[in-house]
Amino acid sequence: NCGFVAIVGRPNVGKSTLMNRILGQKLSITSRRPQTTRHQIMGVKTVAGIQTIYVDTPGMHQMQRDRNRAINQFMNQAAAQALRDVDCVVFIIDRDRWTDEDDIVLERLASVSAPVIAVVNKVDRMKDKSALLPWLSSLSQKREFAAILPVSARHGTQVEELEAEVTRHL
Ligand code: GDP
Ligand code: MG
C-alpha cells in the first residue's frame, strides 16, 4: 500500500519546512531566498504499513504564457505532468497574504482530479487567531478543497492532523 502526495505552493510559503517536519529529517533545503529548491525532492514515510511518498514540487507558481514557444509548452507540460498521477495534493499558502503567484498555482490545480488539501501555514505568526476565519471562508470560495487546515510547519502545530487527512485519500 502506498501513495503519492505533491506539496505545491509559491516560493517561501513553507513547502520544504513542512516536508522536513513530516519526514523528520533535513531532506529539502529551506531558505528565506526563493527557489532554493530547484529540483523535485522526494521523501518516503511509512506508518502502519502505508508508504507515503511526498514530493516537493517547485516551479508551480510560474505559468509560461506564450504558448507558441516550444520551451514554454514543455515547461507547462512538465508542471502539469507532476500532478497527473498523485493521490493527493497539499496546497500551501502563507497566512500573511494571498498573491498573484498563489493564483497561478491554483490555476494549475484546476485540472487536477486528485483531492486538494489547502494548508494555511505559519499560523504561529498570527497573534489574533480570529483572523483565520476570513482566510478559511475566502479559500473555500476559490475551489473545492478536501479540507482546509491551519498549521505551523515550523512548530509542528496541526501537522499530524494534516498527515491524517492525507492518509484518508491514499
Ligand atoms: P518553500 O520555498 O515553500 O520551500 O519555503 P521554506 O520551507 O524554505 O520556508 C521559507 C521560510 O519560511 C523559511 O525562513 C522558514 O523557516 C519559514 N517558515 C516555514 N514554515 C514556517 C512556519 O510555520 N512558521 C514560521 N514562523 N516560519 C515558517
Ligand atoms: Mg523549498
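This is a walk through the model, stop by stop, with something to select at each one.

**Before you click**

You're looking at a predicted model, where local features need pLDDT of at least 70, side-chain atom pairs count only at pLDDT 80 or more, and totals for chains, interfaces and linings use all residues. Residues are numbered from 1 along each chain as its sequence is written, chains are lettered from A and ligands numbered from 1 in the order in which they are written, and side-chain values use heavy atoms, with hydrogens and water left out.

**Stop 1: the whole chain**

Show the cartoon. There are five helices and six strands, and from the N terminus on they run β-α-β-β-α-β-α-β-α-β-α. Helices (H or I, at least four residues) and strands (E, at least two) are DSSP runs, numbered from the N terminus.

Accessible areas come from the Shrake-Rupley method with a 1.4 Å probe; for residues, only the protein chains shown count as cover. Of the 170 residues, 45% count as buried (buried is under 20% relative accessible area, exposed over 50%, partly exposed in between; 1.4 Å probe, protein chains only). Take the contacts (heavy atoms within 4.5 Å) in the chain with a separation of 6 or more: residues 24 or more positions apart account for 68% of them.

**Stop 2: ligand 1**

Select ligand 1 and its shell of residues with a heavy atom within 4 Å. Which of the 18 residues around ligand 1 come nearest? They are Asn 12, Lys 15, Ser 16, Thr 17 and Asp 124. By class, the shell has three nonpolar, eight polar and seven charged residues. The counting scheme takes Ala, Val, Leu, Ile, Met, Phe, Trp, Tyr, Cys and Pro as nonpolar, Asp, Glu, Lys and Arg as charged, and the others, Gly among them, as polar. Helix H1 (residues 15-23) gives the largest share, three residues.

Draw some distances next, from polar side-chain atoms to oxygen atoms of ligand 1:

- Thr 17, at 2.6 Å
- Lys 122, at 3.0 Å
- Arg 154, at 3.0 Å

On its own, ligand 1 has 580 Å² of accessible area, and the protein covers 92% of that.

**Stop 3: the nonpolar cores**

In soluble globular proteins, nonpolar side chains tend to be buried together. Here a nonpolar core is a set of buried Ala, Val, Leu, Ile, Met, Phe, Trp, Tyr and Cys residues joined through side-chain atoms within 4.5 Å.

Select Val 8, Leu 83, Val 89, Phe 91 and Leu 109: of the 23 residues in the largest core, these touch the most other members. The elements giving two or more residues to this core are strand E1 (2-8), H2, strand E4 (88-94), H3, strand E5 (116-121) and helix H4 (132-142). Then try a second, separate core of 21 residues, which includes Cys 88, Ile 92, Ile 117 and Val 151.

Back on Val 8, skip residues up to four places away in sequence, and its partners include Lys 15, Met 60, Leu 83, Phe 91 and Leu 109.

**Stop 4**

Zoom to helix H3 (residues 100-109), where Asp 102, Ile 104, Val 105, Leu 106, Arg 108 and Leu 109 are buried. Thr 99 caps its N-terminal end, with a side-chain oxygen 3.2 Å from the backbone nitrogen of Glu 101.

In the loop between E4 and H3 sits Arg 95. Is Arg 95 buried or exposed? Arg 95 counts as buried because its relative accessibility is 12%. Its side chain makes a polar contact of 2.8 Å with that of Asp 94. (A polar contact is a pair of N or O atoms within 3.5 Å; within protein, one must be able to donate a hydrogen and the other to accept it, and residues adjacent in sequence count only if both atoms are side-chain atoms.)

**Stop 5: two loop residues with positive phi**

Ala 48 lies in the loop between strand E2 (41-47) and E3. Its phi is near 50 degrees, a positive value in a residue other than glycine, and Ala 48 is exposed at 77% relative accessible area.

Finish at Gln 158, in the loop between strand E6 (147-150) and H5. Phi of Gln 158 is near 65 degrees, again positive in a non-glycine residue, and at 28% relative accessibility Gln 158 is partly exposed.
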